[in-house]
Amino acid sequence: MAYSAKVMEHFQNPRNVGEIENPDGVGEIGNPVCGDIMKLYIRVKDDRVVDAKFKTFGCGAAIATSSMITELVKNKTLEEAEKISRQSVAEALDGLPANKMHCSNLAADALHKAIEDYKNRKKKNE
Amino acid sequence: MERKIYLDHNATTPVHPEVLEAMLPFYQEGFGNASSIHSFGREAKVALEESREKVAKFLNADPLEIYFTSGGTESDNLAVKGVAWANKKKGNHIITSQIEHHAVLESCKFLEKEGYETTYLPVDKYGLVDHDELKKSIKRETVLVSIMHANNEVGTIQPIAELAGLAKEKGVYFHTDAVQSTGKMKIDVNELNVDMLSLSAHKFYGPKGVGALYIRRGVRLTPLAHGGHHEKSRRAGTENVPGIVGLAKALEIAHSDMQEEERRLKSLTETFFKKVTERIPDIFLNGHPVLRIPNTLNLSFKGVEGESIILNLDLKGIGVASGSACTSGSLEPSHVLSAMRVPGDLAQSSLRFSFGRSNTVDDVAYVVEVLPEIISKLRAMSPIYQK
């Protein structure tokens, strides 16, 4: 199995590892088959994602996609952020091995969940 | 130069220089076909039969009971399918365990499609097959029991003699996959009381693509491949003479210092386990604490996925294996650890260190030096690890 140089770079130096205290949204996603778990925290200001942090239990691809999505999403409007797909994460990493495209590419799903969580919290407070 | 440490000897081993030296003449000057009558063929035939005698001696078998194959997978296939097919009239039931190598498990699954029935015996938390479970499972239709000697992932050694005794009492053939134990410990087919035993050269510093199946005299078995009268018509195909010479030489070398090497490897794995658990918290041993091949240590590092550790160790020049889903090829964690009821996240967190001839105490020190930092970096990233 060969990871791209970019995957390895993000895997070795993951960006934005950790948690956000009192986050505006949290998305947690797990792969029930292989057991990967990802938790993504976002800070939202004026409908813009101003900060994102993650914690991931998973393989090299799972960690690299987590790291990449925190970079992709920063300073994006919620509308833009919702358009980030599994495909766009994989492309930003110069591709993922075929067998990793589905199982370890959960970051976009976690992001969409975090945004949904943010929206639900907002509704409740209205 | 970057340091390289190989700790994956259960996957494969390098060919021993003396093995290679023994093999080389049979690629060129001694290239003859062992079935030919002329001097070229006779030379190959002599080497083939000398190798057979050597292998037989180390297994305490008769040379007529040694059949050379292309490796462990073929040996397992021949034993399982061969016996099932040849004994169809007697019955259609096979007993094996949940922790077998895929070569046995998939052979059984294939036979199920032909109408055979398989019982997959459970194991305890150490990976041991239960004696009474086997006893209960044997029925009139049972034609074969196949239980591995030492497990490739966790190293647990089964009480084969005892299990085989149960099968013998009921007149059922017993096969053992000894691919991981051969070359690492003494193998005596009579002490083990088995009817068939699989082995593979590349697991003990021999070449890849060559193995053997011991078949006790009198065992009825249908061949997988049909063709010439090689290997007493049980395995057609021109014999891989250089490979077979290499297999025999490798077995001879393994036996020349077996006890010493067993002790050395045991001490290395023990030292490694002690040091690594001193420096890293929350490590769990998978496999039997004592009944284990001396070179194998399977550890779970709580909260960290196996492949992510492998990649980090690889960047430091260290080669290990894992039972995690990503590395199993099936997207599911190791079937062995699952059968041992290791919780899913710990199965995902497992690493297999398998030591071998090249490893030294310095290697242990180096791995113990680099591993704590890797684990704590990954644990800091883990949503499921709490100190």
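Which elements of chain B cover the buried residues of α4(B)? In this predicted model, the cover includes α3 (72-86), β3 (93-97), β4 (117-121), β5 (142-146) and β6 (173-177) of chain B. The helix itself, α4 (residues 102-113) of chain B, has 12 residues and reaches 16 Å from its first C-alpha to its last, close to the 16 Å expected at 1.5 Å a residue. Its buried residues are Ala103(B), Val104(B), Leu105(B), Ser107(B) and Cys108(B). After α4(B) comes Gly115(B), with a positive phi near 105°.

Where the domains touch, 24 residues of domain 1 of chain B are in contact with 28 residues of domain 2 of chain B. On the domain 1 side, the elements that give two or more residues are α9 (258-279), β10 (296-301) and α12 (335-339) of chain B. Of these, α12(B) gives the most, with 3 residues. Sorted by class, this side of domain 1 has 7 nonpolar, 12 polar and 5 charged residues.

The interior can be followed next. In soluble globular proteins, nonpolar side chains tend to be buried together. Here the largest nonpolar core has 82 residues, and Leu144(B), Ala212(B), Tyr214(B), Leu247(B) and Ala250(B) touch the most other members. Helix α8 (residues 241-256) of chain B gives the most to this core, with 9 residues. At least three residues of the core come from each of domain 1 and domain 2 of chain B. When neighbours within four places in sequence are left aside, Tyr214(B) is in contact with Leu59(B), Ala61(B), Glu65(B), Ile66(B), Val189(B), Met196(B) and Leu197(B). Another core, of 64 residues, lies apart from the largest one, and among its members are Cys59(A), Tyr6(B), Val320(B) and Val367(B).

The two chains also meet directly. Their contact takes 18 residues from chain B and 16 residues from chain A. On the side of chain B, α10 (306-315), α11 (325-328) and α13 (344-348) are the elements that give two or more residues. That side of chain B has 9 nonpolar, 5 polar and 4 charged residues.

In chain A, helix α6 (residues 107-125) has 19 residues and reaches 27 Å from its first C-alpha to its last, close to the 27 Å expected at 1.5 Å a residue. Buried in α6(A) are Ala107(A), Ala108(A), Ala110(A), Leu111(A), Ala114(A), Ile115(A) and Tyr118(A). Seen down the helix axis, these buried residues fall within an arc of 165°, so they line one face of α6(A). They pack against β1 (25-30), β2 (37-45), α2 (60-73), α3 (78-82) and α4 (86-92) of chain A. On the other side of α6(A), Asn120(A), Lys123(A) and Lys124(A) are exposed.

Two loop residues complete the tour. Most residues other than glycine have a negative phi. Asp94(A), although not a glycine, has a positive phi of about 60°, and its place is in the loop between α4 and α5 (100-103) of chain A. Asp94(A) is exposed, with 12 other C-beta atoms within 10 Å. In chain B, Asp282(B) has a positive phi near 60° and sits in the loop between α9 and β9 (283-286). Asp282(B) counts as partly exposed, with 17 C-beta neighbours inside 10 Å.

Notes. Residues are numbered from 1 along each chain as its sequence is written. Chains are lettered from A and ligands numbered from 1 in the order in which they are written. This is a predicted model: local features need pLDDT of at least 70, side-chain atom pairs count only at pLDDT 80 or more; totals for chains, interfaces and linings use all residues. Helices (H or I, at least four residues) and strands (E, at least two) are DSSP runs, numbered from the N terminus. The expected span of a helix is 1.5 Å times one less than its number of residues. A residue is buried if 20 or more other C-beta atoms lie within 10 Å of its own, exposed if 12 or fewer, and partly exposed in between; C-beta atoms are placed from the backbone. The arc is that of the directions from the helix axis to the C-beta atoms. Two residues are in contact if their C-beta atoms, placed from the backbone, lie within 7 Å. Ala, Val, Leu, Ile, Met, Phe, Trp, Tyr, Cys and Pro count as nonpolar, Asp, Glu, Lys and Arg as charged, and the others, Gly among them, as polar. A nonpolar core is a set of buried Ala, Val, Leu, Ile, Met, Phe, Trp, Tyr and Cys residues joined through C-beta atoms within 7 Å. Domain bounds come from an automatic or database domain assignment.
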